[in-house]
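Hello,

Here is the structure I promised to pass on. Have a look at it first, and then read my notes below.

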Amino acid sequence: MGGGGDVVGALSAAELWALAGAEVVLGGVAWERAPIDPRPGPRTLAEIVGGRRLSEAVAVVGEDAATPEGAPFSEARMAGVLDAETVLVDITRGSRATAAGIVEAARKLDCHGVVFVDVGGDVLARGDEGGLASPLCDAVMLAAAAMV
């Protein structure tokens, strides 16, 4: 559901689905953190270098995907580790467009379901907790998940 390292945390859920025989496509939001990206925050699909657009809100990427400034996305690094493409989600157009884009991309990837995973629990936050990193990202994705 999130950007940055959430794709790493989602790997354990993906591995469980794979053990059950499912083919899994891992991904996350195009949103990196300050130590990695000099301009942290949500990124549009137009700001993903090295990706291939699947819908208005989702691109599939390999290990070479980065921001225009050259900061690699965590999902690109995961693609390199897994030797498989991952997806990046653009949340900048809101939850309805995000949901529609996820549905269209899942159809194109022949996915029969979508699982949303949040690492750290920000998705359960009220928004005023100390240390909260990305409540906007998680709120948009939670609203999108309800529509998928």
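**Salt bridges**

The structure holds 6 salt bridges, a salt bridge being a side-chain nitrogen of Lys or Arg within 4 Å of a carboxyl oxygen of Asp or Glu. Before going on, please note that this is a predicted model, where local features need pLDDT of at least 70 and side-chain atom pairs count only at pLDDT 80 or more, while totals for chains, interfaces and linings use all residues. Residues are numbered from 1 along each chain as its sequence is written, and side-chain values use heavy atoms, with hydrogens and water left out.

One of the bridges joins the side chains of Glu69 and Arg43 (2.9 Å, N to O). Glu69 sits in the loop between β5 and α2 (74–82), and Arg43 in the loop between β3 (41–42) and β4 (49–53), so the pair ties together parts that are 26 residues apart in sequence. Helices (H or I, at least four residues) and strands (E, at least two) are DSSP runs, numbered from the N terminus. Arg43 is buried at 0% relative accessible area, whereas Glu69 is partly exposed at 46%. Here buried means under 20% relative accessible area, exposed over 50%, and partly exposed in between (1.4 Å probe, protein chains only).

Another bridge is formed by Glu85 and Arg52 (3.4 Å, N to O). Glu85 lies in the loop between α2 and β6 and Arg52 in strand β4, 33 residues apart. Glu85 is partly exposed, with a relative accessible area of 45%, and Arg52 is partly exposed, also with 45%. Arg53 pairs with Glu56, their closest N and O atoms being 3.4 Å apart. Salt bridges that share partners join Arg39, Arg43, Glu47 and Glu69 into one network.

**The nonpolar cores**

A nonpolar core is a set of buried Ala, Val, Leu, Ile, Met, Phe, Trp, Tyr and Cys residues joined through side-chain atoms within 4.5 Å. The largest one has 16 residues, of which Val29, Leu54, Val58, Val89, Ile91 and Met141 touch the most other members. Two or more residues come from each of β5 (58–66), β6 (86–89), α3 (95–108) and α4 (135–147), and α4 gives the most, with 3 residues. There is also a second, separate core of 9 residues, including Leu45, Ala59, Ala76 and Leu88.

If you click on Ile91, leave aside its neighbours within four places in sequence: Ile91 is then in contact (heavy atoms within 4.5 Å) with Val29, Trp31, Pro42, Thr98, Cys137, Val140 and Met141.

**Buried polar and charged residues**

Thr86, in strand β6, is buried at 0% relative accessibility. Its side chain reaches the backbone oxygen of Glu75 at 2.8 Å. Beyond its neighbours within four places in sequence, the contacts of Thr86 include Leu26, Val60 and Met78.

Glu32 lies in strand β2 (residues 31–32) and is buried, with a relative accessible area of 0%. The side chain of Glu32 makes a polar contact with the side chain of Ser74 (3.1 Å). A polar contact is a pair of N or O atoms within 3.5 Å; within protein, one must be able to donate a hydrogen and the other to accept it, and residues adjacent in sequence count only if both atoms are side-chain atoms.

Asp118, in the loop between α3 and α4, is buried with a relative accessible area of 18%. The C-alpha atoms of Asp118 and Val7 are separated by 9.0 Å, although these residues are 111 apart along the chain.

Enjoy exploring!
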